[in-house]
Amino acid sequence: MGELRTRMINAMQLRQFSPRTQQSYLAAVVGLAKHYHQLPDQLSSEKIQAYLLHLTVERGLSWSSCNVTVSGLRFFYQQTLGWDGLRLPIPPRQRPSKLPEILSHQELERLFAAAHLPKHRVLLMTTYAAGLRLSEVIALKLTDLDSQRQMIRVEQGKGRKDRYTILSPKLLEELRLYWKMCRPISYLFPGRDPNRPMDSSAAQKIYYAAKERAGIQKGMGIHTLRHCFATHLLEAGVDLPTIQMLMGHTSILTTMRYLQVRRQHLDAHASQFDLLRLPDKLPKR
């Protein structure tokens, strides 16, 4: 892709896309080119749509994966090559509405206990206790921990925004023990190179391995711990604007989805079935 790749990277950098977005968008275009063994600027819109159909139907990729591919291809053809929408008629797709699966406090305890290495255990604890995204927790540095104010500084989170979130006293104790044992230098959770952060795939594997050992079936990925953070705060009586601020949500509508999974809300509305007087036993046929 040579020149096309350079043009696309320059266009993304001009718009200040995050490194992760740049990588995802490039991968989308490279995947298309490899599929047809042709340069992407030589492909017709029909072939592009056939490729998307291939990803959706034949490979069975999830909506989120396909959506990233669509976004990357649309950026390449419309912003880098200057194609108009008529030449690339990719229809918009509505995201499926799915509620997050929430782990109970007991399940979280089992999850943390199942992470045998101190580094792995504290990584999972920090993700939950501070409500962090995967990209945020692996990017944490020692200097982001403010023990005096009991806060964690999240630098350049999603949307390139800084924010502060909770540093609980109990988590601080765990972090101090972890530091004494592992002595991280710069990043709180470094990778093989002590001067580089842990890879995101490695963090996901830590979560999945602990979940399997704990015998927990719920929760798709490590992002489940962030969902648990928001839901448990809501159940504890913390107001939505505060949770929105701690989570770094741009819109409070995003935070409001947790209203649908909080336990108190369900308990307060008893099933009308429970009010019925049922027969002692089922009638005989």
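This report walks through a few residues of a predicted model, looking at where they sit and what they touch.

**Around R163**

Let's start with R163, which you'll find in strand β3, residues 161-166. Is R163 buried or exposed? R163 is buried, because its relative accessible area is 9% and the cut-off for buried is under 20%.

So what does the side chain of R163 meet in there? One partner is E136: the two side chains make a polar contact at 2.8 Å. Another is L246, whose backbone oxygen lies 2.8 Å from a polar atom of the R163 side chain. If you leave out residues up to four places away in sequence, R163 touches a whole list of others, including G131, L132, R133, I152, V154, R226 and G248. E136 and L246 are on that list too, and so are M245 and M247.

**Rings that pair up**

Now for the aromatic rings. How many aromatic pairs does a search of the whole structure find? The search finds 8. One of them is F17 with F75, a tilted pair. F17 lies in the loop between α1 (2-14) and α2, while F75 lies in helix α4 (residues 63-80), so this pair ties together parts that are 58 residues apart in sequence. Y77 and W83 form a pair as well, and their planes are at 40 degrees, so that pair is tilted. Here are the values for both:

| Pair | Centre to centre | Angle between planes |
|---|---|---|
| F17 and F75 | 5.2 Å | 50 degrees |
| Y77 and W83 | 4.5 Å | 40 degrees |

How open are these residues? F17 counts as partly exposed, because its relative accessibility is 22%.

**Arginines over rings**

Rings can have a charged neighbour, too. R149 lies over the face of Y164, at 5.1 Å from the ring centre. R257 does this with Y258, at 5.9 Å from the ring centre.

**A stop at T21**

Last, have a look at T21 in helix α2, residues 19-36. T21 counts as partly exposed, because its relative accessibility is 28%. Which distance separates T21 and G72 in space? Their C-alpha atoms are 8.7 Å apart, while in sequence T21 and G72 are 51 residues apart.

Conventions
Residues numbered from 1 in each chain as written. Predicted model: local features only at pLDDT ≥ 70, side-chain atom pairs only at ≥ 80, totals over all residues. Heavy atoms only, no water. Helix = DSSP H or I, 4+ residues; strand = E, 2+ residues; numbered from the N terminus. Buried < 20%, exposed > 50% of the residue type's maximum accessible area, 1.4 Å probe, protein only. Polar contact = N/O pair within 3.5 Å; in protein donor to acceptor, adjacent residues only side chain to side chain. Contact = heavy atoms within 4.5 Å. Phe/Tyr/Trp six-rings, centres within 6.5 Å; stacked < 30°, edge-to-face > 60°. Lys NZ or Arg CZ within 6 Å of the ring centre and 35° of its normal.
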